[in-house]
Amino acid sequence: MSFSFEPRSDEEFLSYIASYLQNDDRLVSNLANLSALIYQYLDNISWCGFYLLDGNELYLGPFQGKVACTNIKIGKGVCGTSYQRGETIVVDDVNTFPGHIACDSASRSEIVIPIEGFGVLDIDSTSFSRFGEREKALLEEVMRLLSKKLNCSNASQNEEV
């Protein structure tokens, strides 16, 4: 698949994501490209990827960035806490988050968006207070679009990736 990806607005970005997620690629391929598209679109981020649910843990899925932690227990760190609460968590300074799991010591801020029964999207930045309401709303919409694909596709959410 050949494509040019240079959205000029959040609306154009979301439109591209929505149309992209309509393809019939395997789940792992969609997640890998989705993490790459987000990584390419958002500036000043150092890591973008998925942690996928398996029992009482989240395991590392497709991502862009440095080597990462491979397993996170539900309720631990920002990712596990976000998943357990079922809500987006924005952390302006990861050093102030109780129990933060430092996969990358250069990380300063983080946003995590959960999908119930599936996992989380995790994005880090080396800058403090990188994520605001714009990014929160944008990324929650991306996850809503992904959730819609997961619920509407023929593939099970438990499909082997």
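Biologist: In which helix does Tyr 20 lie?

Modeller: Tyr 20 belongs to helix H1 (residues 10–20); helices (H or I, at least four residues) and strands (E, at least two) are DSSP runs, numbered from the N terminus. This is a predicted model, in which local features need pLDDT of at least 70 and side-chain atom pairs count only at pLDDT 80 or more, while totals for chains, interfaces and linings use all residues. Residues are numbered from 1 along each chain as its sequence is written, and side-chain values use heavy atoms, with hydrogens and water left out.

Biologist: Why is Tyr 20 called buried?

Modeller: Buried means under 20% relative accessible area, exposed over 50%, and partly exposed in between (1.4 Å probe, protein chains only). Tyr 20 has 5% relative accessibility, so Tyr 20 counts as buried.

Biologist: What makes Cys 69 and Cys 103 a disulfide?

Modeller: A disulfide is a pair of cysteine sulfur atoms within 2.5 Å. The sulfur atoms of Cys 69 and Cys 103 are 1.9 Å apart, and the two form a disulfide. Cys 69 is in the loop between strand S2 (57–65) and strand S3 (71–73), whereas Cys 103 is in the loop between strand S4 (89–91) and strand S5 (109–115), 34 residues apart.

Biologist: Why is this disulfide called left-handed?

Modeller: The torsion about the S-S bond of Cys 69 and Cys 103 is about -125 degrees, so the disulfide is left-handed.
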